[in-house]
Amino acid sequence: MKKHSQWSKGIRHWIVFFLLVAFVITCCLLLFVSVLSSSLDITFTKEHISKAAKLTFINVLFISFLFTVLDIIRRWHTVNRPVNKILSAAQKITKGDFSVRVEPVNTPFADEGFNKIIECFNKMAEELSGTETLRTDFIANVSHELKTPLAVMQNYGTMLQQPELSEEKRLEYSKGITDASRRLSDLITNILKLNKLENQQIFPNFEEYDLSEQLCECLLQFENEWEKKNINIETDIEDEVKICSDRELLSLVWNNLFSNAMKFTNEGGTVSASLKRNGDSIIVKVEDTGCGMTPEVGAHIFEKFYQGDTSHSTRGNGLGLALVKRVIDIMHGEIRVESVVGKGSSFAVEFKEVSDER
């Protein structure tokens, strides 16, 4: 069927070239004969005309055939080959092979439009490959994070069924189930929030409010944490610093940064919070004297489910800093991190003091 189609297409090309060449040669011959006969007063006989017509017809056939062959070769190298390469790559992508890439067309007389299409196609394949990797990792990580608290609840629930269980153990196991269920609830909440932020389903509600007051309120929510671990709290927060932003979304940022600082700071350590104006910018810093992290870990901390210190993984789900980064991006701010292993980490969030975003 494919060969029949190619033959039909070749015949159509030949007919087009035949008619075109026949028309051009006929016009040229008529013009030539007319001029020649009028200037030399020559009379052509039927035999001359018949012989010239046959020769001209043969020439037309040959020239049109030659043009057809040349056109087929040209189309094959400049059109068919690039199209076939793109179609073949597209078919592989539809089957799930996102590693395929199309080589640019470098043949003479190549249409630059195909190279632009190929460039866009390769970028699309690269994006799909990255998205597929993220999707696979996301499913694997979510499955793992869901299994852990569910397994804890199942184990504690089984132990609670023991008939001769003491009151102390019953309370311990009940608390374990409560903590695991709370962690599961936080995980699902963070997944939903992050999904809405990434799909732009949450629209910021910009309003002017006191950032100094908000930071103090968020820090006070962790009073039990710092008292339990005897953490020293240092603050350097300027009064009445106003910002035009989304109060609720920014509270996610401060709560996550303070939570991480408390979690990774050992007993007797120090957590500090500062708020400063620097020209037309507002800079918030949250610092701790915790375990710190290597540059390799620091390069990935804003990725979903990434946990550089697995010893603290039972108290988080690897989504907090991903949420922080997404919120900061939506607010057109900037977040920077500096960390030294064994000495602690410092997160700096910077915004413009006056924002006209609405």
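Lys123 and Glu119 are four residues apart in helix 3 (residues 112-160), which means that about one helical turn separates them. The structure shown above is a predicted model.

**Salt bridges within helices**

- Lys123 and Glu119 form a salt bridge, and their closest N and O atoms are 3.8 Å apart.
- Glu119 has a relative accessibility of 44%, so Glu119 counts as partly exposed.
- An α-helix has 3.6 residues a turn, so residues three or four places apart point the same way.
- A second salt bridge joins the side chains of Lys175 and Asp179, at 2.9 Å from N to O.
- Lys175 and Asp179 are both in helix 4 (residues 167-198), where a spacing of four residues amounts to about one turn of the helix.
- Lys175 is exposed, because its relative accessible area of 52% is over the 50% cut-off.
- Asp179, at 33% relative accessibility, counts as partly exposed.

**Salt bridges that share partners**

- Across the whole structure, a search finds 10 salt bridges.
- One of them brings together the side chains of Glu334 and Arg336, with 3.6 Å from N to O.
- Glu334 is partly exposed at a relative accessible area of 41%, and Arg336 is also partly exposed, at 33%.

- Strand 4 (residues 270-278) and strand 5 (residues 281-288) run antiparallel, and eight bridges join them.
- In this pairing, Ser272 is opposite Glu287 of strand 5.
- Strands 4 and 5 make a hairpin that has two residues between the strands. Gly279, in the turn, has a positive phi of about 70°.
- Strand 5 also pairs with strand 7 (residues 344-352), in the antiparallel sense and over seven bridges.
- Is strand 5 mostly covered or mostly uncovered? Strand 5 is mostly covered, with six of its eight residues buried.

- In helix 5 (residues 211-220), the buried residues are Leu211, Ser212, Gln214, Leu215, Cys218 and Leu219.
- Why do these buried residues line one face of the helix? Seen down the axis of helix 5, they fall within an arc of 165°, so they line one face.
- Asp210 caps the N-terminal end of helix 5, with a side-chain oxygen 2.9 Å from the backbone nitrogen of Ser212.

**Ser274 in strand 4**

- Ser274 belongs to strand 4. Its relative accessibility of 15% is under the 20% cut-off, so Ser274 counts as buried.
- Leaving out residues up to four places away in sequence, Ser274 touches Asp236, Ile237, Ile283, Val284 and Lys285.
- Ser274 and Leu215 are 59 residues apart in sequence, and their C-alpha atoms are 9.1 Å apart in space.

**Loop residues with positive phi**

- Asn230 is in the loop between helix 6 (223-228) and strand 2. At 55% relative accessibility, Asn230 counts as exposed.
- Where is Glu240 found? Glu240 is in the loop between strand 2 and strand 3 (242-245).
- Glu240 counts as exposed, at 57% relative accessibility.

Note on methods: Residues are numbered from 1 along each chain as its sequence is written. This is a predicted model: local features need pLDDT of at least 70, side-chain atom pairs count only at pLDDT 80 or more; totals for chains, interfaces and linings use all residues. Side-chain values use heavy atoms; hydrogens and water are left out. Buried means under 20% relative accessible area, exposed over 50%, partly exposed in between (1.4 Å probe, protein chains only). The arc is that of the directions from the helix axis to the C-beta atoms. A polar contact is a pair of N or O atoms within 3.5 Å; within protein, one must be able to donate a hydrogen and the other to accept it, and residues adjacent in sequence count only if both atoms are side-chain atoms. A salt bridge is a side-chain nitrogen of Lys or Arg within 4 Å of a carboxyl oxygen of Asp or Glu. Two strands pair if DSSP finds at least two bridges between them. Contact means heavy atoms within 4.5 Å.
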